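Please read them with the coordinates open.

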Amino acid sequence: MVIFDALVREQGISAAARRLGVSKSHISKQLAQLEAELGAQLVQRTTRRFSLTELGQEYARHCRALVAVALEADSMVAERRGKVSGVLHLGVGQSFGRLHVIPRLKAFQDRYPELELEVSLFDHRTNLVDEGLDLWITTYEDKPEALVGQRLADIGFVLVASPDYLLSHGTPLHPKDLAQHNCITYQSRERRYHEWSFRQGKERQTVQVAGNYRVDLAEAVRDAALAGLGIAYVANYLLDKELQTGQLIPLLPQWRPNQKMAVHAVYARREHLDPKIRLFIDFLKEGFGPHPYWEQRLAPWLGGKLSGTEE
């Protein structure tokens, strides 16, 4: 069952053999023996493609659960002995992961040198169990009931444009003015942000925006604003020195973007949390803090206020 799980994860005999450190013939023999004992075909065999039968797909889910429990038990013993090892399979949102998770991985591995990390960067909603992930770092709020989420950090937003765009098209003075501007929006298969929300004291204002540039990568929204393509409503974790250097200008200082988002650590619901998962979650929480560093570095350029504080 362990070999079959590796076979499914790696989508092929050669890759599974490399993962487990055994020969391809050993994998083939074990698969044949498993199917013989079950009296059922689990894998469709062709020369070029690897695919599971319907029964094989169902059986693979049970194998994955069994392997997860076994690895969790191993991790528990290792932690009691002060030795954390094995592989932590991470799924991370592309832009946030590249900017704020990947740069921290070396420090984590320095702390736990016998622990290996396997990282996938993507922005789609995932069933992490089916994809063989231990932990998913995401900004999606809703998740299946079988999964558990811990809040890692809050994300705020900033309305910005480049000096070149403002010189050519003027500066909006009220959220309603955005209807007359080219607005850069994030749009993917699962998310579409064409309504921008603002607040001024107790007043709230939501505006419908439009423009000639839509993109499904958060960093690309920021980059388009830097290139002068329009006005952008960007997550604060995307900004570093762009405000300080004047490459981007914060707009509508009396109106604060009202949209909220949070980074969550999502994992399968289990009786005992795998120590590898818990250690990585604690490590990220420790690094981000109650007011994340990306928020603090922008505060001087946004009136000194941190997200979550009211005027």
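1. Domain layout. The model is predicted, and its protein is divided into three parts: domain 1 (1-62), domain 2 (84-154 + 261-303) and domain 3 (157-259). The C-alpha centres of domain 2 and domain 3 lie 27 Å apart. In the contact between them, domain 2 takes part with 18 residues and domain 3 with 22 residues.

2. Area between domain 2 and domain 3. About 1800 Å² is buried between these two domains, and carbon and sulfur atoms give 54% of that area. On the domain 2 side, Met-261, Leu-298 and Trp-301 supply 32% of the area buried against domain 3, which is more than any other three residues supply.

3. Polar and charged pairs between the two domains. The count between domain 2 and domain 3 is two salt bridges. The count of residue pairs in polar contact between these domains is five, with both residues at pLDDT 80 or more. Helix 5 (94-101) and helix 10 (293-296) each supply at least two residues of the side of domain 2 that touches domain 3. Helix 5 gives the largest share of that side, six residues. By type, the residues of the side of domain 2 that touches domain 3 are eight nonpolar, five polar and five charged.

4. Arg-297 forms a salt bridge with Asp-240, and the closest N and O atoms are 3.7 Å apart. The cut-off applied to such a pair is 4 Å, so the 3.7 Å of Arg-297 and Asp-240 falls within it. Separately, a network of salt bridges links Arg-98, Glu-219, Arg-222 and Asp-223.

5. Other salt bridges. The whole structure has twelve salt bridges. One of the pairs is Glu-10 with Arg-19, at 2.4 Å from N to O. Glu-10 is partly exposed at 26% relative accessible area, and Arg-19 is partly exposed at 32%. Another pair is Arg-151 with Asp-154, whose closest N and O atoms are 2.8 Å apart. Arg-151 has a relative accessible area of 48% and Asp-154 has 33%; Arg-151 counts as partly exposed, as does Asp-154.

6. A pair within helix 4. Glu-58 and Arg-61 form a salt bridge, with the closest N and O atoms 2.5 Å apart. Where do these two residues sit relative to each other in helix 4? They are three residues apart in helix 4 (residues 54-80), so about one helical turn separates them. Glu-58 is partly exposed at 38% relative accessibility, and Arg-61 is partly exposed with a relative accessible area of 41%.

7. Backbone angles to check. Gln-11 has a phi near 60°, a positive value in a residue other than glycine. Gln-11 is found in the loop between helix 1 (2-10) and helix 2 (13-20). Leu-252 also has a positive phi, near 50°, and is likewise not glycine. Leu-252 lies in the loop between strand 13 (249-250) and strand 14 (256-257).

8. Accessibility of those two residues. Is Leu-252 buried or exposed? Leu-252 is buried, because its relative accessible area of 4% is under 20%. Gln-11, at 46% relative accessibility, counts as partly exposed.

Notes:
Residues numbered from 1 in each chain as written. Predicted model: local features only at pLDDT ≥ 70, side-chain atom pairs only at ≥ 80, totals over all residues. Heavy atoms only, no water. Domains from an automatic or database assignment. Contact = heavy atoms within 4.5 Å. Buried area = accessible area lost by both parts, 1.4 Å probe. Salt bridge = Lys/Arg side-chain N within 4 Å of Asp/Glu carboxyl O. Polar contact = N/O pair within 3.5 Å; in protein donor to acceptor, adjacent residues only side chain to side chain. Helix = DSSP H or I, 4+ residues; strand = E, 2+ residues; numbered from the N terminus. Nonpolar A, V, L, I, M, F, W, Y, C, P; charged D, E, K, R; others polar. Buried < 20%, exposed > 50% of the residue type's maximum accessible area, 1.4 Å probe, protein only.
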